[in-house]
Amino acid sequence: YQRRVHGDISVLFLDVVVSSLPTTPSDSVMHSVAAYCLQELSAVLVSDNKATIDKYIGDTMMVFWNAPDPVPNHAEVAAWSVLACQQRLDDIEADWNARNLDRWPLVTLRGGLHSGEALVGNIGSTYRLNYTAVGDVVNVASRLVLAGKFFEAQFVCSSQVAETASDCERILFRSMGAVQVQGRVAPLQIYEILSKSEANHAIVASFQEAMRLCRSEDENDRQSAGDILTSLSDRVSWRFSELLGNAGGSPLNVPFQISKGQALRMSPNAIENL
């Protein structure tokens, strides 16, 4: 029996997205692929990175760190874990390609990561108890998955994670501005989690300059921002280029707002709604 305790944890929602191809044999193959990937990624999270699996929700995993066993620097460990999961998926796909399994579905990952205080322990009723975590940290982590889908970012985290893990030599964080999360008064600064490399450093530096320019009241600055964004090769930059165009010439200086089950939409002055 695990008693309920309040503590600081890091929570990750990780989606395993399996997309069929014209050559995919059947739905049963897609389900088998998803199950296999969940098994392999669970091993990466638990065995290699000290995570606790809370639950599986379809093809989504909810996991957390620092309970029941303490995990020093749990935000940094959690941020590295999502990159380790992507590396494991890359290895799996390389193996499939080596065996000419080109008819297998396309698998992609998407994650939302947040750190904060939660109530952790056996929670439920006399009919069913579950060792789980509840609190704002869990709700925010799930919303960040939606933010990632909207911004075309694979792994998204909060400023609580990015600031705590900023000194990690293996991880690079790209600031994507602020979102207004349902149920919270203050906007939440969000970041994309990237592996640290020269190529990613160059992309992030150019992207941050574009973000500075696209918030300017000067139309020429915003035009320069659009040029920079379209010159970059990554999906997030292209998405922000599209959003800048959709803003109708206005600066992107208002937080995006995100609500569960709702699409993000444009307000007259900026993108608004999460």
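The buried residues of helix H7 are Val-236, Ser-237, Arg-239, Phe-240, Ser-241, Leu-243 and Leu-244.

User: Before we go on, what kind of model is this?

Analyst: This is a predicted model.

User: How should I think about the directions in which residues of a helix point?

Analyst: An α-helix has 3.6 residues a turn, so residues three or four places apart point the same way. In this structure, the buried residues of H7 include Val-236, Phe-240 and Leu-244. At the start of H7, the backbone nitrogen of Val-236 has a side-chain oxygen of Asp-234 within 3.3 Å.

User: What span should the twelve residues of H7 have?

Analyst: Helix H7 covers residues 235-246, and at 1.5 Å a residue it should span 16 Å, which agrees with the 16 Å between its end C-alpha atoms.

User: How is a pair of aromatic rings described?

Analyst: One gives the distance of the centres and the angle of the planes. Four aromatic pairs are found in the whole structure. For Phe-64 and Tyr-131 the ring centres are 6.2 Å apart and the planes stand at 45 degrees, so this pair is tilted. For Phe-151 and Phe-240 the centres are 5.2 Å apart and the planes stand at 5 degrees, so this pair is stacked.

User: Is Phe-240 buried or exposed?

Analyst: Phe-240 has a relative accessible area of 2% and is therefore buried, while Phe-151, at 0% relative accessibility, also counts as buried.

User: Which residues form one aromatic cluster?

Analyst: The cluster consists of Phe-150, Phe-151, Phe-207 and Phe-240, and Arg-239 lies over the face of Phe-150, 4.3 Å from the ring centre.

Technical notes:
Residues numbered from 1 in each chain as written. Predicted model: local features only at pLDDT ≥ 70, side-chain atom pairs only at ≥ 80, totals over all residues. Heavy atoms only, no water. Helix = DSSP H or I, 4+ residues; strand = E, 2+ residues; numbered from the N terminus. Expected span 1.5 Å × (residues − 1). Buried < 20%, exposed > 50% of the residue type's maximum accessible area, 1.4 Å probe, protein only. Polar contact = N/O pair within 3.5 Å; in protein donor to acceptor, adjacent residues only side chain to side chain. Phe/Tyr/Trp six-rings, centres within 6.5 Å; stacked < 30°, edge-to-face > 60°. Lys NZ or Arg CZ within 6 Å of the ring centre and 35° of its normal.
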